[in-house]
Amino acid sequence: MKRFVYINDDESSQELYCDNRISNRKYTVLNFLPKNLWEQFSRFMNQYFLLIACLQLWSLITPVNPASTWGPLIFIFAVSASKEAWDDYNRYLSDKKANEKHIWVVRQGIRKHIQAQDIHVGNIVWLRENDEVPCDLVLIGTSDTQGLCYVETAALDGETDLKTRVIPSACMGMDFELLHKIKGVIECPNPDKDIRRFDANLRLFPPFIDNDLCPLTIKNTLLQSCYLRNTEWACGVAVYTGNETKLGMSRGIPEPKLTAMDAMIDKLTGAIFVFQIVVVMVLGIAGNVWKDTEARKQWYVLYPIEGPWYELLVIPLRFELLCSIMIPISIKVSLDLVKSLYAKFIDWDSEMIDQDTGIPSHATNTAISEDLGQVEYILTDKTGTLTENRMIFRRCCISGIFYGNESGDALKDVKLLNAVAGSSPDVVRFLTVMAICNTVIPIKSKTGAILYKAQSQDEDALVNAAARLHMVYVNKNANILEIRFNGSVIQYEVLETLEFTSDRKRMSVVVKDCQNGKIVLLSKGADEAILPYAYAGQQTRALVEAVEQYAQLGLRTLCLAWRELKEDEYQEWSLMFKEASSTLVDREWRIAEVCQRLEHDFEVLGVTAIEDRLQDGVPETIETLRKAGINFWMLTGDKQNTAIQIALSCNFISPEPKGQLLLIDGKTEGEVCRSLERVLLTMRITSSEPKDVAFVVDGWALEIALKHYRKAFTELAILSRTAICCRVTPSQKAQLVELLKSCDYRTLAIGDGGNDVRMIQQADIGVGISGREGLQAARAADYSIGKFRFLKRLILVHGRYSYNRTAFLSQYSFYKSLVICFIQIFFSFISGVSGTSLFNSVSLMAYNVFYTSVPVLVSVLDKDLSEGTVMQHPQILVYCQAGRLLNPSTFAGWFGRSLFHAIVVFVITIHAYAFEKSEMEELSMVALSGCIWLQAFVVALETNS
Amino acid sequence: MTDTDRVRHRDTKTAFYLFTQQKLPACKPVLTPAWVITIFLFTGFIFIPLGLVTLRASRSVIEIVERYDTECVPEPFRIDKVSYIQDDSIPKNCSLFLKVHKYMKAPIYIYYQLDNYYQNHRRYVKSRSDQQLLNGQKYQATSSCQPVEFNNARPIVPCGLIAWSLFNDTFTFIRERAELKVNRKNIAWKSDRDHKFGKNVYPSNFQNGTLIGGGKLNPRIPLSDQEDLIVWMRTSALPSFRKLYGRIEEDLDADDVVLVQLMNNYNTYSFGGKKKLVLSTSSWLGGKNDFFGLACVFVGSSSLILAIVFMLLHLKFQR
């Protein structure tokens with residue numbers, strides 16, 4: 001199926017496609033009630049309660065007033081429904097805000113200001129700098145003469161760098177006026193959610209230039225929710241609108257997360273239900289037999305000789321209703337209540353407020369606090385999560401001279417400042433590489449200050465440092481770079497950019513000096529990717545030393561190099577590069593090979609050292625949590641070396657003699673397979689030794705391992721307590737979470753950037769760090785915290801307490817209902833198995849709601865051990881992880897307890913009080929007060945503080 | 001100290017702040033062996049005397065229980081007791097001799113006891129209308145009274161199975177040819193008489209139908225004064241139960257013989273129930289019931305034993 005979009009045609013497509021009204025709402029005013037009720041009743045527990053409530057309307061069988069079930073039921077439903085309604089109302093408000101935003105759109109050849117929701121497919125939309133794109137557009141014009149514009153796609157894919165978009169060739173060079181009158185047709189596929197693919201054609205109608213088909217790709221689009229940056233204006237044709245945009249299609253309502261505990265409670269509820277059915281059947285049969293043998297003789301009961309057809313059912317159904325309280329209706333309410341309180345405790349915790357920003361921790365998902373106490377695997381991002389993600393240029397070594405060694409900050413080193421002021425050629429070249437060997441885009445803000453938009457924080461640090469050393473990267477205009485050094489402006493023309501790849505471990509640019517026409521290759525990269533390619537005869541000893549020295553300080557090093565190219569050498573290579581870039585088979589490999597041909601005989605200029613400080617308390621936090629039996633995996637998009645370096649410095653892995661790193665690598669299936677086998681073998685052998693064994697895998701090998709050797713890799717995942725995965729993509733992160741989840745592990749994913757969002761959503765618990773990469777991760781997460789070290793408190797204090805408290809509360813809820821229920825059952829044996837309720841409706845309701853549910857809420861403040869003790873002995877968490885406090889056997893304990901207590905209460909009530917003289921209401925009150933006192937005693941006994 | 005510091009300092013003191021930080025003061029008992037032993041000893045020392053006192057009170061109560069349901073059926077009718085009891089033409093008079101073993105101090109309570117009688121059966125318990133008992137015929141919604149709701153299309157007051165099956169044996173007590181004074185007033189709860197049974201509600205259309213259940217009521221006496229009915233309408237919880245009939249307000253000496261003349265009207269023969277007559281004195285604790293005392297003694301002595309065992313264990317394996 002295709003869709004044909006007629007550009008600038010006000011009539012034709014209005015009816016065909018939806019308008020640009022965005023709707024994230026689940027309900028409308030009309031369908032709210034039926035839809036919400038339907039959703040609520042799709043849960044087994046609610047169906048059960050509804051059935052019971054309906055049965056109670058039949059007065060022949062109901063033991064108590066129907067209100068005693070209908071009241072709580074309606075209350076519960078009202079509470080959940082109003083919560084849903086409130087959420088939906090908020091979604092409606094935010095939709096409304098987006099829908100009513102004013103946008104410039106061409107109508108009848110004139111630009112008009114209309115609301116975003118009135119955009120139709122085929123309309124031409126005009127955007128200014130920093131505008132948010134309201135729907136999916138095909139770009140047809142920009143302020144840039146070359147037809148380029150820049151967009152920030154963070155909201156879409158989480159990448160914060162700027163991306164270039166280009167207008168299709170057919171629209172090239174059209175002027176401002178013409179863009180209002182343009183007519184044509186775009187043939188594009190039906191809406192889908194693939195944000196990397198857009199296979200379409202554009203054909204402009206005659207007065208406009210050629211009417212050939214012009215192919216369109218994702219490069220020609222502006223997608224909804226992106227921001228236009230660094231471009232004065234742009235305009236485009238709306239092709240997908242409203243909920244049919246790429247973003248709209250990929251927006252799914254995330255599945256509500258269910259905690260392990262909820263699952264266990266559901267299971268136990270099922271068991272109780274089965275027990276109840278058995279009891280009902282036994283008592284029902286016994287009741288019918290007793291009725292036929294005994295009750296018919298009892299003239300005072302006056303049984304009719306011929307009963308109605310349903311007579312046999314009456315007694316079993318009565319018992320069903322009598323036993324229905326076995327599954328306490330209050331459990332859902334009290335659990336919801338305490339869970340929201342746990343969440344509030346997290347919000348309130350003054351020890352988890354980020355002192356730098358004053359941002360408190362926040363629990364977005366209020367329902368999963370117990371899971372925090374049961375975490376077995378933590379998957380953490382590196383940059384920004386473990387580290388501060390604040391790259392600072394600290395030291396450098398330029399042609400053998402160390403700068404910044406004394407003060408720890410090269411920017412303040414007088415020697416370097418003097419060298420800069422004296423325009424020492426080595427230093428100038430070094431700074432030039434720092435400033436322009438990158439993909440940074442400088443943006444001039446209104447105040448005249450220059451902001452850099454960099455793909456990587458390292459480049460950002462280098463460019464900023466160069467600027468502070470008076471080598472300011474001022475402007476990038478298409479291929480012309482402008483730098484200003486000590487007041488003079490130098491222009492370079494970028495000829496080629498040899499992008500960074502993880503194989504080459506370096507990136508280069510080929511630039512032409514506009515002043516003297518010299519062509520230069522500028523490179524920067526890891527030491528092992530630069531130093532071996534230095535020209536013969538260069539003394540690299542000092543550089544190697546520098547690299548080692550810096551690495552030991554935990555600094556990230558980059559070597560900068562440079563080579564002058566001859567005109568013909570470049571021309572020759574340039575042809576090869578173009579050819580390689582346009583090959584269809586093995587393009588990446590071909591390009592790498594061609595790059596190798598240029599990147600040799602470097603004159604290595606020096607080494608930079610960049611610091612990415614670890615956040616406070618990271619090593620301690622990791623150590624404590626590992627003592628608590630939690631396994632750590634580091635998933636990072638960063639290089640292997642940096643990852644290992646950071647891992648070492650934050651106790652993630654132990655250095656050589658104690659720990660061992662196993663590498664899984666390889667480019668082909670076979671290599672990966674062999675390496676995986678080898679690692680697995682070592683792992684099996686060492687699993688008994690008290691040795692820290694960790695495996696390291698990179699994204700490429702991971703891809704192959706996950707695709708072809710899933711079983712082996714799963715085994716490895718189970719065996720190893722620590723893993724480092726570098727160069728992984730967001731989707732691979734999510735896959736790893738999925739893998740661990742499939743082995744029945746409770747996973748917690750923590751991250752700070754947009755690339756962690758998928759993993760955070762996938763994991764059982766997602767924790768977002770509200771850091772420098774924006775709030776995206778924090779918004780998608782279940783919990784957001786300010787610093788990594790709060791994780792310790794989140795898990796050990798909040799998670800553990802929540803688990804303990806819920807374990808008690810849920811089992812207690814069953815216990816107290818069972819006690820009452822058992823007493824009812826015992827009473828039925830002395831009341832002719834006729835289904836008489838010993839307790840009246842009011843007492844039952846008061847018992848469930850007032851006497852037992854309210855006092856037990858005190859247990860949300862219960863602490864079995866003090867916070868300090870738990871922090872000092874994190875091993876105690878094992879009890880929660882293994883679910884020792886809520887499982888079938890503890891539940892059986894509570895079950896036995898309730899049976900025993902019911903017997904005690906019943907026997908004492910009957911015998912100690914009045915005995916033969918006892919009367920129904922007296923007995924019921926005595927039994928009830930007995931139960932209430934016993935409950936209070938149990939709560940007091942089980943409460944630890 | 002700056003202002004904000006001061007504010008923060010004050011904040012940390014409020015109960016709400018402590019609550020939000022989960023730091024409300026709490027006490028946490030540590031169960032050391034000494035504490036455990038003390039607690040058990042304490043329980044033992046409380047419960048054993050308590051049990052002994054209550055046991056003594058219960059033992060001081062004197063009770064005479066006499067079953068009369070079989071003996072009160074004349075010899076020839078014993079084969080078919082049901083037809084005997086249902087035949088109105090046969091007089092139901094019967095005499096019993098009760099021997100007093102010990103001195104019984106007034107007031108002596110007279111109970112009738114029924115065994116194997118399920119007043120707690122669901123059909124039975126529900127079959128009454130409290131509103132009608134209080135308001136009489138003004139109250140129409142008596143569907144709960146089924147199957148004894150209407151007779152000849154007129155409402156029955158009091159309706160329902162419970163009232164319909166009213167116990168109707170009567171007793172008179174004679175000692176040495178003089179009739180003992182039996183007080184039949186104030187045998188029902190005062191609250192029932194005052195608030196549950198109407199002062200202006202008179203029985204009507206009661207026991208008029210084809211099916212006659214138990215006793216009849218004097219239609220000229222309001223329900224609030226029909227104390228036998230009120231007592232009967234307090235349904236019993238157990239299938240064998242005693243209900244108060246009256247009080248003898250004279251002391252009975254040891255070896256006195258009391259002649260009981262009774263009307264054996266009530267049918268318990270069809271379902272094999274027993275009827276008993278009970279005379280009982282009372283103590284400060286009520287009637288005769290050893291269970292509570294025994295239970296207390298049991299709990300007390302077991303905690304004492306536990307305390308001793310723990311003490312020995314503690315001394316032996318001292319840390």
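Hi everyone, let's start with the surface of chain A: its accessible area comes to about 40,900 Å², and carbon and sulfur atoms account for 58% of that. Before going further, please keep in mind that this is a predicted model, and the values I mention are computed.

So what does chain A look like overall? The C-alpha atoms fill a box of roughly 120 × 75 × 55 Å along the principal axes. Within chain A you will find 30 helices and 33 strands. Of the 945 residues in chain A, 54% are buried.

An unreviewed UniProt entry places the feature "active site" at Asp381(A). Where along the chain is Asp381(A)? Look in the loop between β15 (377-380) and β16 (387-398) of chain A. Is Asp381(A) buried or exposed? Its relative accessible area is 4%, and buried means under 20%, so Asp381(A) counts as buried.

Which residues does Asp381(A) touch, if we skip those up to four places away in sequence? Among them are Leu386(A), Leu635(A), Thr636(A) and Lys733(A). The list also includes Ile750(A), Gly751(A), Asp752(A), Asp756(A) and Met759(A).

Val870(A) belongs to helix α27, which covers residues 867-872 of chain A. With a relative accessible area of 1%, Val870(A) is buried. Leaving aside neighbours within four places in sequence, Val870(A) is in contact with Leu796(A), Arg800(A), Leu865(A) and Ile876(A). There is also a distance you can check on screen: the C-alpha atoms of Val870(A) and Arg793(A) are separated by 9.7 Å, and these two residues are 77 apart along the chain.

The second one is Gln881(A), in helix α28 (residues 878-881) of chain A. How accessible is Gln881(A)? Its relative accessible area is 14%, and the cut-off for buried is under 20%, so Gln881(A) is buried too. Again setting aside neighbours within four places, its contacts include Gly373(A), Gln374(A), Val375(A) and Glu376(A). Gln881(A) also contacts Ala628(A), Gly629(A) and Ile630(A).

Let's move on to backbone angles. Which way does phi go at Ser423(A), positive or negative? It is positive, about 50°, although Ser423(A) is not a glycine. Ser423(A) is in the loop between α10 (414-421) and α11 (425-436) of chain A. At 37% relative accessibility, Ser423(A) is partly exposed.

Asp255(B) is not a glycine either, and it has a positive phi of about 70°. You can find Asp255(B) in the loop between β9 (241-248) and β10 (257-263) of chain B. Its relative accessible area is 53%, and exposed means over 50%, so Asp255(B) counts as exposed.

While we are in chain B, here are two cis peptide bonds. One joins Ala106(B) and Pro107(B), with omega about -5°. Pro107(B) is in the loop between β2 (93-99) and β3 (108-115) of chain B. Another cis bond runs from Val157(B) to Pro158(B), with omega near -10°. Pro158(B) lies in the loop between β5 (154-155) and α7 (161-164) of chain B.

Finally, how is chain B laid out? The domain assignment gives domain 1 as 30-61 + 287-319, and domain 2 as 62-281. Taken over C-alpha atoms, the centres of these two domains of chain B are 43 Å apart.

An unreviewed UniProt entry puts the feature "transmembrane region" at residues 34-55 and 291-313 of chain B. What does the model show there? Residues 34-55 of chain B are 100% helix and 0% strand, with 31 Å between the end C-alpha atoms. Residues 291-313 of chain B are likewise 100% helix and 0% strand, and their end C-alpha atoms are 32 Å apart.

Terms used: Residues numbered from 1 in each chain as written. Chains lettered and ligands numbered in written order. Predicted model: local features only at pLDDT ≥ 70, side-chain atom pairs only at ≥ 80, totals over all residues. Heavy atoms only, no water. Helix = DSSP H or I, 4+ residues; strand = E, 2+ residues; numbered from the N terminus. Buried < 20%, exposed > 50% of the residue type's maximum accessible area, 1.4 Å probe, protein only. Areas by Shrake-Rupley, 256 points an atom, 1.4 Å probe, with all protein chains shown as cover. UniProt positions renumbered as here; feature names shortened; annotations may be inferred. Domains from an automatic or database assignment. Contact = heavy atoms within 4.5 Å.
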